[in-house]
Amino acid sequence: MKIGIVGTGLFSVSVAIRLAEGKGNLVELWSENKDLVKDFKKTKKLNTIFKGKDIPIGITVSNSIEDVLKEKDVIFLMSSIPYFSSSVDLIKDLIPKEIPVVIGTKGVDKSGCFPYQIAKNSLKNPILVMSGPTFAQDMCSRQLLGFTLAGTHKKSKELVQKAFLDSDVVIEESTDLMGVSLMGVLKNVYAIGSGLLKGASFLESTKALYLTAVYREIYDLLYRFYGKEETLFSLSCLGDLILSCNSEESRNFSYGLLLGKKSTKKEINDFKKKNTIEGVESLEYLMPLIHKKRAKAPLLHSIYEIVNQNQKVEDFMALLKSSIH
């Protein structure tokens, strides 16, 4: 199978590595970075992404978007959220309408849209969303993991299943594009809250209380956004919450950890410069949507206030204490 991937971020490359395990799969990544492509052609490594790691046979990298999209069976669109809309504009006239587009980008852009909505507004292709408990470093391993694949086009789902056939990946299918997209944002924000508790030296039992309150809040948010109740029990929701809210490998959790420890502004800003904190990036554009839907989401709002330094950890704890009735 011929697969094109738009984007060469850490997760994009990890997905490419996993797909390259599939028998007969040929994967081509697109990057604007000419030095990255030049270095790859010379060393067969992507040192700015995975330093020193050999990239499997079957993966190529190109600066030509036309070549990456040409004669492909499936396209993975994985640009980060600030560049997602421009990536859609870049590819919209280059892909035949029958080719499925799988979105691996999480977030809300400045227009208040989720990635799948942006894609649907410009592309005539079948749109799928992949989301789940898959750290990048785990995705490029050979160990068992899984994610949710949301979409309404059955044949496209079958094609993606086939692409991952030989790679020890469990794909859970869903039709809930909105619910799965929403969870891809929420789990990052709630992971900040979980890290906050850890950093402030609260008990694991306190975190269990927090996650129970989070789950109840998510239930209401899914309802308000017309997501499906079954998504609550999916890999994109329950699975990703378990992963993101319990590991320092999550950049959002680690950011919350710094806030909970009351780290200096310099330490926090240095961390933000070195890492993409998706939960922080999404909050600015997510909160107006929450208000528009008339959802209370007190924990979400409290995390927003703490991130913007308008609220103290003590206020967050008082809210948590009253959140379970």
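The following legends describe close-up views of a predicted model.

In this model, local features need pLDDT of at least 70 and side-chain atom pairs count only at pLDDT 80 or more, while totals for chains, interfaces and linings use all residues. Residues are numbered from 1 along each chain as its sequence is written, and side-chain values use heavy atoms, with hydrogens and water left out.

**View 1. The open sheet of 8 strands.** The strand order is β3-β2-β1-β4-β5-β6-β7-β8, with mixed pairing; two strands pair if DSSP finds at least two bridges between them. Strands (E, at least two residues) and helices (H or I, at least four) are DSSP runs numbered from the N terminus. At the edges stand β3 (59-62) and β8 (169-174), each of which pairs on one side only. From one strand to the next, the twist averages 25°. Strands β4 (residues 74-77) and β5 (residues 101-103) run parallel and are joined by 3 bridges, and F76 stands opposite V102 in β5.

**View 2. The aromatic cluster of F76, F147 and F164.** Rings of Phe, Tyr and Trp (its six-membered ring) pair if their centres lie within 6.5 Å; planes under 30 degrees apart count as stacked, over 60 as edge-to-face and the rest as tilted. By this rule there are 4 aromatic pairs. Buried means under 20% relative accessible area (1.4 Å probe, protein chains only); F76 is buried at 0%, F164 at 2% and F147 at 1%.

View 3. Helix α9 (residues 204-224) has 21 residues and reaches 30 Å from its first C-alpha to its last, close to the 30 Å expected, a span defined as 1.5 Å times one less than the number of residues. Its buried residues include Y210, V214, E217 and L221. An α-helix has 3.6 residues a turn, so residues three or four places apart point the same way. Just after α9, Y226 takes a positive phi of about 60°.

Key. Axes are lines fitted to C-alpha atoms, for helices over the stretch in contact, and angles run from 0 to 180 degrees between N-to-C directions. Buried means under 20% relative accessible area, exposed over 50%, partly exposed in between (1.4 Å probe, protein chains only).
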